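Hello,

Please find the structure below. My notes on one helix and its surroundings follow.

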Amino acid sequence: MRVISGSARGRALKAVPGMGTRPTTDKVKEAIFSIIGPYFDGGNVLDLFAGTGGLGIEALSRGMDKGVFIDMDYKALETIKANLKQTGLTAQAEVYKNDAERALKALAKREICFDLVFLDPPYRLKHGTELMLKLEELGLVSENAVVMLEYESSYEYPEEAGGFRLTRKAVYGETAVSIYRRETGQARVQPAVQGEDADQDETSSGEEIL
């Protein structure tokens, strides 16, 4: 894995040790950013099931100002921090140990607003719609925020979730990526693109809790 473009282009990214994390492949990551970017003029990004942190790091490399990385796994958190250091982006990032829903509530108390959100939960979880509704309900997304939802291609998410509208869906083998944009008008859904296979409590770890 590597950073594909931007200020940290070409920097290698570490994988999370073990088999519990499924990183977004470079091929899928490049496709995602060709849809949502490819570059950004500032803004805040939330990587909610961060894993290696590869998606949020790519967004920072391509111009986002600030990134918040959330994961529940200790090894993932250490990997994110190592990857941020490797790419020289540590100063632009916050890394926290928490589950998704509790993290959103904690962020809402800080009145943080995100322009880009990555949702890449474990495939066994099918709560992407609920998370988008919660992001909107808690006031965590800007007016034209973009949400990228990555999930198992055999599953179907709705074209609308609150103020979010599906604007693009692409399928890469067992992986599907849906791009939602928060907007008042009805966005036109583009056909799926077939691609190649893709791949607040105290804790003993001492990780910072959001």
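Helix α1 and helix α2 are oblique to each other, because they pack at an angle of about 45°. The crossing is right-handed, meaning the near helix is turned clockwise from the far one by less than a right angle.

This is a predicted model: local features need pLDDT of at least 70, side-chain atom pairs count only at pLDDT 80 or more, and totals for chains, interfaces and linings use all residues. Residues are numbered from 1 along each chain as its sequence is written, and side-chain values use heavy atoms, without hydrogens and water.

Which residues meet in the contact of α1 with α2? From α1 come K29, I32 and F33; from α2, G54, L55, E58 and A59. Contact means heavy atoms within 4.5 Å. The residues divide into 4 nonpolar, 1 polar and 2 charged.

α1 spans residues 26-36.

Now the core. The largest nonpolar core has 31 residues. Such a core is a set of buried Ala, Val, Leu, Ile, Met, Phe, Trp, Tyr and Cys residues joined through side-chain atoms within 4.5 Å. I32 and I36 are among those with the most contacts inside it. α1 gives the largest share, 5 residues.

Best wishes

Notes:
Buried means under 20% relative accessible area, exposed over 50%, partly exposed in between (1.4 Å probe, protein chains only). Helices (H or I, at least four residues) and strands (E, at least two) are DSSP runs, numbered from the N terminus. Axes are lines fitted to C-alpha atoms, for helices over the stretch in contact, and angles run from 0 to 180 degrees between N-to-C directions. Angles under 35 degrees count as roughly parallel, over 145 as roughly antiparallel, 65 to 115 as roughly perpendicular and the rest as oblique. Ala, Val, Leu, Ile, Met, Phe, Trp, Tyr, Cys and Pro count as nonpolar, Asp, Glu, Lys and Arg as charged, and the others, Gly among them, as polar.
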